[in-house]
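Student: I would like to learn how to read a few features of a structure. Please show me the model and take them one by one.

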Amino acid sequence: MTEDWLPAETLKHLETQIAFSSDRIYFRFRWDQPHPGGWIHDMLVYQDGEWRQFADPSPWVTATENPEHTGFYEDRVSFLLDDGSVKGFEEFGGWLTVHDGMRSLPSEVPEPEVQAHEHFGPDGLDKTDIRKYIPQACDGEWWENDWREMKSQPELERLKREGVFLDLPMWRAHRSNPKGFGTDHHVLDYRHSDQGHNTYTTQEWDPEDGPELMWDPAVVEGGALDYHEIRDGAFPDQQEGTYALEMEDAVPFDRTVAEWEGAMIPRRPLRDPVGSAADWKASGVWDDGEWVVEMWRDLQTDHPLDTTQLEPGGVYTWTPAVHHGAGQRWHWVGYPYKLGLGAEPDYAGDQYTAGPTELVATEFTGATPDWDRIETYTLPLVFPGLLTWNDLVDESHPRADDVRDAAVTMWELYENAPESFIG
């Protein structure tokens, strides 16, 4: 990662409200996002006689503007959630899931090496990269985290049955918002999607032959958006959904209709989610430089093997993240918080002097919360840089023994002030 690809701001604030009823939990998030178009994602564009992919990242995300850059990546908000089953998460939050060898890090494992691995290769998960996982998925002490030393599949299945995984729901401005859902994932040996399927799929495409699908011309004139209009700031209205290709509006690609200079078609068509992947409902609106996003789900779901079950009076560990115009490590993340559903949590770490480390969800009755009556927490999020779990447990770290014993927290490591964090 070069200096050009660092964000212009390394600290962001996320306004958060949390409410629950006898059977449901709600989150409401609000954060500044000055650039319009954060709902455009991963587009196929016909340019200079061939189809090209305009993807990660969006041109406005970097500290240094690059007029030659062409990319579109949606804004997102996500969080990790645990019921106390994952050792170390209360102390270290998302840093517990980031390890040497993951994609987008300088140590990223090459695809052939991933494919050659017994667990990650064709006879196992059949992956091309290494993503988030928790140390407990690996052999050795609880904090040891070598991706080459994954536990056996029966042991991993036992851990899932015991709830030893992190729940990871996400709201996506392009790939889920038009459908009124979030997307649902969990982290054990990999960042898995929950069973069923999420709100989006992927269409095949070829530089010469183009994509499989386009918009029905009765829905979008010419079967495609106009890249030049969007490049010049004429973004489709994100509340209308015309920027997203929903399967019910899709027809087979016809080059006589949609192959023209600047024709732009999403690579990720949308569909209705099913199964555990459909547990989270969500809605987001961008207005005048600000996102307001609501997410909600039932406290108890039918999918305990990949979803953390919740109950009134329960206390959980929770940590949020905001993603702006790029994927992977380019985001802002929160330190771990204790979240009580109507209960006052008792966080083992020292208190953050500029704000809370313990959050209390407000109980409500009726169909939906009255947000004017729900407390707002303003939470600091930091750009995590390249700091990994390996760095924290390495013998060269001055407090490695405390980290390995889970006797210190991220708050204490950085003087109880996320503002002091340098990743």
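Student: Where does D405 lie?

Tutor: Helices (H or I, at least four residues) and strands (E, at least two) are DSSP runs, numbered from the N terminus. D405 is found in the loop between α7 (400-404) and α8 (410-413). This is a predicted model, in which local features need pLDDT of at least 70, side-chain atom pairs count only at pLDDT 80 or more, and totals for chains, interfaces and linings use all residues. Residues are numbered from 1 along each chain as its sequence is written, and side-chain values use heavy atoms, with hydrogens and water left out.

Student: Is D405 buried or exposed?

Tutor: Buried means under 20% relative accessible area, exposed over 50%, and partly exposed in between (1.4 Å probe, protein chains only). D405 counts as exposed because its relative accessibility is 55%.

Student: Which residues gather with D405 in a patch of negative charge?

Tutor: A patch is made of residues with over 30% relative accessible area and no salt bridge, with like charges joined within 9 Å. A salt bridge is a side-chain nitrogen of Lys or Arg within 4 Å of a carboxyl oxygen of Asp or Glu. On the surface here, D405 gathers with D100, D391, D394, E395 and D401.

Student: What about A258, buried or exposed?

Tutor: A258 is buried, because its relative accessible area is 0%. This residue belongs to helix α5 (residues 255-258).

Student: How many residues of strand β1 are buried?

Tutor: Seven of the 10 residues in β1 (residues 11-20) are buried, so the strand is mostly covered by the definition given above.

Student: Which strands does β1 join?

Tutor: Two strands pair if DSSP finds at least two bridges between them. Six bridges link β1 to β21 (residues 377-382), antiparallel, and L14 has L379 as its partner there. Another six link β1 to β2 (residues 24-32), also antiparallel, where E15 stands opposite R30. A hairpin of three residues connects β1 and β2. With β20 (residues 358-363) there are two bridges, and the strands run parallel; F20 faces E363.

Student: In what order do the four strands of the open sheet come?

Tutor: The order is β4-β3-β14-β12, with antiparallel pairing. The edge strands, β4 (50-54) and β12 (225-226), each pair on one side only. Two bridges hold the pairing of β12 with β14 (residues 263-266), and D226 has A263 as its bridge partner.

Definitions and conventions
Patches are made of residues with over 30% relative accessible area and no salt bridge: like charges are joined within 9 Å, nonpolar side chains (Val, Leu, Ile, Met, Phe, Trp, Tyr) within 5 Å. Accessible areas come from the Shrake-Rupley method with a 1.4 Å probe; for residues, only the protein chains shown count as cover. Lys and Arg count as positive and Asp and Glu as negative; His and the chain ends are not counted. The place of a charge is taken as NZ of Lys, CZ of Arg, CG of Asp or CD of Glu.
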